[in-house]
Amino acid sequence: MTVDPSALSLVDLVTELAERGECRHDPDLHMGPDAFESEPIAERLARQDVARQVCEDCPVWDLCLDYALRIRPTWGVWAGYLPRELAALHREVRNLPAAALGEVA
């Protein structure tokens with residue numbers, strides 16, 4: 001099923017991700033331990049690398065990226081990106097001219 005992410009509400013995006021996202025099988029892989037657990041840096045980097053690999057083959061990667069760009073998360077791996085990478089991507093997209101985005105006046 002091909003869905004235009006911009007046509008979906010945040011609720012619909014969350015539903016699609018929850019039902020079809022590869023991360024649903026192991027959410028801790030993408031989000032990490034809870035705030036009260038310590039995660040050594042080497043373990044965190046290894047976990048994030050595996051999470052990025054899972055994202056590569058995810059059937060709803062584009063929906064996840066759209067969702068992450070909308071909500072601007074502060075932790076986790078979203079569509080293979082870390083929050084700081086998503087913030088940089090958001091800045092790049094925001095600075096593109098309208099013609100590059102395919103908008104029609």
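Colleague: At what angle do α4 and α5 pack, and how far apart are their axes?

Modeller: This is a predicted model, and in it α4 and α5 pack at about 85 degrees, their axes being 10 Å apart. In general, two packed helices are described by the angle between their axes and the distance between the axes. Angles from 65 to 115 degrees count as roughly perpendicular, so α4 and α5 are roughly perpendicular to each other.

Colleague: Which residues make that contact?

Modeller: From α4 come L65, A68 and L69, and from α5 come L86, L89 and H90. Sorted by class, the contact of α4 with α5 has 5 nonpolar residues, 1 polar and no charged ones.

Colleague: Let's move on to α1 and α4. How do their axes cross?

Modeller: Helix α1 covers residues 10-20 and helix α4 covers residues 61-71; their axes come within 10 Å and cross at roughly 135 degrees. The pair α1 and α4 is therefore oblique. As for handedness, the crossing of α1 and α4 is left-handed.

Colleague: And which residues of α1 and α4 meet there?

Modeller: On the α1 side you'll find L10, L13, V14, E16, L17 and R20, and they meet L63, C64, D66, Y67, R70 and I71 in α4. By class, the contact of α1 with α4 has 8 nonpolar and 4 charged residues, and no polar ones.

Colleague: I see E16 and R20 in that list. What do their side chains form?

Modeller: The general idea is that side chains of opposite charge can pair when their charged atoms come close. Here the side chains of E16 and R20 form a salt bridge, at 2.7 Å from N to O. Both residues sit in helix α1, 4 residues apart, or about one turn of the helix. Searching the whole structure turns up 4 salt bridges.

Colleague: What is the mean pLDDT of the chain?

Modeller: As a rule, where pLDDT is low, the predicted coordinates should not be read in detail. For this chain the mean is 88, and 90% of its residues reach 70 or more.

How values were computed. Residues numbered from 1 in each chain as written. Predicted model: local features only at pLDDT ≥ 70, side-chain atom pairs only at ≥ 80, totals over all residues. Heavy atoms only, no water. Axes fitted to C-alpha atoms, helices over the stretch in contact; angles between N-to-C directions. Helix = DSSP H or I, 4+ residues; strand = E, 2+ residues; numbered from the N terminus. Parallel < 35°, antiparallel > 145°, perpendicular 65-115°, else oblique. Left-handed = near helix turned anticlockwise from the far one by under 90°. Contact = heavy atoms within 4.5 Å. Nonpolar A, V, L, I, M, F, W, Y, C, P; charged D, E, K, R; others polar. pLDDT = per-residue confidence, 0-100.
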